[in-house]
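Hi everyone, thanks for making time for this.

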Amino acid sequence: MGLRDDLERFREVGEERREDLADFIQYGDLGHSRPGEINIPVKIVSLPEFEYDQRDQGGVGQGDGGTPDVGQPVGQPQPQPGDDDGDGDEAGEEGGEHEYYEMDPEEFAQELDEELGLDLDPKGKKVIEEKEGPFTDLTRTGPDSTLDFERMFKEGLKRKLAMDFDEEFVREVCKVEGFGPRDVFEWARGENLPVSMAWIEEAYDDIPASERGTWASVDEIEENVDRQTVQQKIRREGIRHVPFRREDERYRYPEIIEEKEKNVVVVNIRDVSGSMREKKRELVERTFTPLDWYLTGKYDNAEFVYIAHDAEAWKVEREDFFGIRSGGGTKISSAYELAAELLEEYPWADWNRYVFAAGDSENSSNDTEERVIPLMEEIPANLHAYVETQPSGNAINATHAEELERHFGTDSDDVAVAYVNSKEDVTDAIYEILSTEGETDE
């Protein structure tokens with residue numbers, strides 16, 4: 001396999017790894033991974049390496065018994081019986097060989113975003129650092145080195161355009177027969193010229209007596225004298241003076257950027273009653289575990305709380321969460337009552353909060369409507385999610401997920417309901433949950 005083929009193979013590795021990731025979520029052995037270290041099975045890829053082309057070597061061969069044969073390259077051994085001189089299989093073409101790629105949660109989250117087309121950007125809540133950003137803010141005072149001269153020049157130029165006028169034309173108006181300074185000022189005000197009475201009086205006094213009464217009217221001046229705008233004057237003469245003022249001065253200073261710590265607490269709730277058999281428990285693990293990894297990768301500080309319940313609820317450790325099985329009945333509200341109590345340690349003002357629950361949708365009579373839904377509405381969280389696991393299809397009394405959808409609707413901003421009947425549904429369920437939270441952040 002040549003170097004060019006190897007490089008081409010490497011271009012495909014990123015895409016294949018994402019395919020491996022999707023397959024791993026659905027079918028892989030999650031036991032190969034730990035909370036802070038995710039091991040994704042990937043196909044073995046040979047590293048590219050340089051080697052000499054034997055055909056380009058020359059020299060004297062060795063021949064039989066050390067006697068060279070004509071055309072045999074130096075150092076090349078004689079073909080031996082059994083040597084394979086046919087076309088061999090190209091590297092990387094054979095299936096069945098895998099190694100594990102160690103992926104930290106942050107990389108896992110990035111890959112899952114790309115695989116599912118997500119764009120979840122968690123918001124930090126607690127300010128942990130303030131630092132200087134780009135010089136984009138302005139203040140009225142500061143060192144000379146930070147003076148925004150471009151802005152000051154623009155302000156002065158706008159003032160010049162607003163205040164300047166054709167002085168020569170106004171002087172000609174002072175020569176109109178019968179006009180005094182007050183008449184000239186009244187005419188200038190009607191023309192919206194920014195000229196003061198003092199300036200007109202001074203200009204009027206400078207006109208020789210012999211030139212006064214040169215024009216019979218202003219209309220005669222306009223017929224005989226070209227009147228130029230400020231823009232024409234600037235184009236012809238340039239800008240000799242820009243009237244700056246102290247109020248035009250602005251000094252650039254850096255924008256203060258708040259670095260906020262992104263804290264998250266995830267409450268995982270699982271039904272462990274007698275109806276939650278092995279296949280249902282496996283689907284819960286296959287859905288919840290990637291969600292835990294994803295949120296660990298997205299947040300600076302992630303903490304997890306695990307609650308198991310049948311007719312009652314209790315807090316458990318993660319290593320026990322997916323394997324517990326009870327023979328009792330089911331009362332889902334008991335888990336939310338415990339979740340509300342445990343979340344008091346994680347104030348909503350400082351923590352992002354997720355409450356994920358899973359089960360087969362079987363619940364005690366009226367518990368969903370009378371207790372679970374009110375508790376979900378009372379517990380503030382980025383997202384509440386319920387995952388129904390029914391490998392054999394819906395049971396007659398499995399109505400919890402449907403009741404949640406009926407109450408909150410399918411387009412809720414902070415409640416997601418997903419159905420996982422087989423391993424093939426896991427990726428879609430994860431997308432349904434995470435895309436709902438993504439809509440909340442927009």
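Let's begin inside. The largest nonpolar core has 41 residues, and the members that touch the most others in it are Phe 288, Tyr 294 and Phe 356. Several elements each supply at least two residues of this core, among them helix 3 (105–116), helix 10 (278–298), strand 7 (263–271), strand 10 (352–359) and helix 15 (426–441). Helix 10 gives the most, with 7 residues. Please keep in mind that this is a predicted model.

Now look at Phe 356. Leaving aside residues up to four places away in sequence, Phe 356 touches Val 266, Val 267, Asn 268, Ile 269, Phe 288, Leu 291, Leu 295, Leu 383, Ala 385 and Ile 433. There is also another core, lying apart from that one, with 28 residues, including Val 265, Ile 332, Ala 381 and Val 415.

In what order do the strands of the open sheet run? The 6 strands go 9-8-7-10-11-12, and their pairing is mixed. Strand 9 (313–316) and strand 12 are the edges, each pairing on one side only. From one strand to the next, the twist averages 20 degrees.

Helix 12 (residues 333–342) touches strands 7, 8, 9, 10 and 11, and its direction makes about 150 degrees with that of strand 8. Helix 14 (residues 400–408) touches strand 11 and strand 12, and its direction makes about 150 degrees with that of strand 12.

Key
Residues are numbered from 1 along each chain as its sequence is written. This is a predicted model: local features need pLDDT of at least 70, side-chain atom pairs count only at pLDDT 80 or more; totals for chains, interfaces and linings use all residues. Side-chain values use heavy atoms; hydrogens and water are left out. A nonpolar core is a set of buried Ala, Val, Leu, Ile, Met, Phe, Trp, Tyr and Cys residues joined through side-chain atoms within 4.5 Å. Buried means under 20% relative accessible area, exposed over 50%, partly exposed in between (1.4 Å probe, protein chains only). Helices (H or I, at least four residues) and strands (E, at least two) are DSSP runs, numbered from the N terminus. Contact means heavy atoms within 4.5 Å. Two strands pair if DSSP finds at least two bridges between them. Axes are lines fitted to C-alpha atoms, for helices over the stretch in contact, and angles run from 0 to 180 degrees between N-to-C directions.
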